[in-house]
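Open the model in your viewer and keep the sequence panel beside it. The tour goes stop by stop.

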Amino acid sequence: MITHHPSDFTLARLASGTLGAGPELVVATHLSGCPQCRGRLRSFEAVGGAMLDGAPPNRLSPDAFARALKRLDEADPPAEAQPRVLHPDLPPPLNGYEIGPWRAVGRRFRWRRLTLPESPDANVIMLKVGAGQPLPRHGHSGTEYTQVLTGSFSDSLGRYRAGDCIEMDEEVNHQPVVDQDGECVCLAAVEGRLRLSGWIGRLIQPLIGI
Ligand SMILES: [Zn+2]
C-alpha cells in the first residue's frame with residue numbers, strides 16, 4: 001500500500017527532463033512500483049511539459065520520458081548490452097549502477113553510495129538504519145527525495161513504508177525515526193548539496209565526499 005508519492009511538480013520536471021540525475025533515479029525507483037505515478041507521468045508527458053511555469057518549449061528534453069521508461073525496462077537488457085551490474089534484490093531501475101559496499105557509521109546506521117556514470121557528481125546513497133533509531137539529522141540545500149525500499153519510519157507528519165517516496169524541502173524540520181518492527185533501508189538523493197549536521201554528519205560527510 002503506497003501512500004506517499006512524488007509531487008506533481010516533480011513528475012512534471014521528470015517528464016520535461018529538468019529533474020537532477022540523482023532525484024530522477026530515486027523517482028524512477030518509485031515509479032517502478034507505482035502504476036498510479038506512471039500514469040500521471042504519462043499525462044504530464046502528453047502535455048509536453050507545458051505545466052512548467054515559464055519553461056520555453058525549446059528547453060524541454062524530448063527524450064526524458066523515453067529515458068525514464070527505459071529505466072523501468074531495465075529488467076530486460078538488450079542482448080548486445082555490456083555486462084551489467086545486476087541487483088536482483090533491488091528495484092529494477094537500480095540495475096546497471098555500481099553500488100559501493102556498506103559502510104558503518106557508529107552502531108546506528110550504515111550507508112552505501114551509488115555511482116551514476118552519466119552524472120558522477122550526483123549524490124545518491126542507500127541508508128540502512130536499525131529499528132527504533134533516528135535517521136541521520138541533516139539540513140537540505142535543495143529538495144531531498146527518499147524512497148523507502150524495506151522497513152518503515154515515521155516523523156511528526158506520518159508513517160512511511162516500503163514503496164513510499166518522500167520529498168523533504170529545506171523548510172521541513174523533522175526528525176524521522178525508524179519504526180520498532182525492523183530495520184529500514186532507503187534510497188536518497190538531494191538536489192544541490194546535502195549538509196549533514198551533528199556527530200553523524202561530521203563522521204559521514206568526509207566519507208561521502210559531499
Ligand atoms: Zn506513486
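## Stop one: a glycine in a loop

Select glycine 20, in the loop between helix 1 and helix 2. Keep in mind that this is a predicted model. Is glycine 20 buried or partly exposed? Its relative accessible area is 22%, so glycine 20 counts as partly exposed, since buried means under 20%.

Along the sequence, glycine 20 and alanine 189 are 169 residues apart. In space, their C-alpha atoms are 9.4 Å apart.

## Stop two: helix 1

Step back to helix 1, residues 8-16. How many residues of helix 1 are buried? The count is 7 of the 9, so helix 1 is largely enclosed by the rest of the structure. Colour the buried ones: Thr10, Leu11, Ala12, Arg13, Leu14, Ala15 and Ser16.

Next, click on glycine 17, which follows helix 1. Check its backbone: phi is positive, near 80 degrees.

## Stop three: where two helices meet

Show helix 2, residues 21-31, together with helix 1. The two pack at an angle of about 105 degrees. Their axes are 11 Å apart. Angles of 65 to 115 degrees count as roughly perpendicular, and helix 1 and helix 2 are therefore roughly perpendicular to each other.

From helix 1, select Thr10, Leu11 and Leu14. From helix 2, select Glu24, Val27 and Leu31, which they meet. By type, the residues of this contact are 4 nonpolar, 1 polar and 1 charged.

## Stop four: valine 27

Stay in helix 2 and centre on valine 27. Its relative accessibility is 0%, so valine 27 counts as buried. What is valine 27 in contact with, leaving aside neighbours within four places in sequence? Pick out Pro6, Thr10, Leu11, Leu14, Leu19 and Tyr145.

Then bring in leucine 187. Valine 27 and leucine 187 are 160 residues apart in sequence. Their C-alpha atoms are 9.9 Å apart in space.

## Stop five: helix 3

Move on to helix 3, residues 35-46. Helix 3 has 12 residues. Draw a distance from its first C-alpha to its last: the reach is 17 Å, close to the 16 Å expected at 1.5 Å a residue.

Select Cys37, Leu41 and Phe44, which are buried in helix 3. They cover an arc of only 60 degrees around the axis, which puts them on the same side of helix 3.

Conventions
Residues are numbered from 1 along each chain as its sequence is written. This is a predicted model: local features need pLDDT of at least 70, side-chain atom pairs count only at pLDDT 80 or more; totals for chains, interfaces and linings use all residues. Side-chain values use heavy atoms; hydrogens and water are left out. Axes are lines fitted to C-alpha atoms, for helices over the stretch in contact, and angles run from 0 to 180 degrees between N-to-C directions. Helices (H or I, at least four residues) and strands (E, at least two) are DSSP runs, numbered from the N terminus. Angles under 35 degrees count as roughly parallel, over 145 as roughly antiparallel, 65 to 115 as roughly perpendicular and the rest as oblique. Contact means heavy atoms within 4.5 Å. Ala, Val, Leu, Ile, Met, Phe, Trp, Tyr, Cys and Pro count as nonpolar, Asp, Glu, Lys and Arg as charged, and the others, Gly among them, as polar. The expected span of a helix is 1.5 Å times one less than its number of residues. Buried means under 20% relative accessible area, exposed over 50%, partly exposed in between (1.4 Å probe, protein chains only). The arc is that of the directions from the helix axis to the C-beta atoms.
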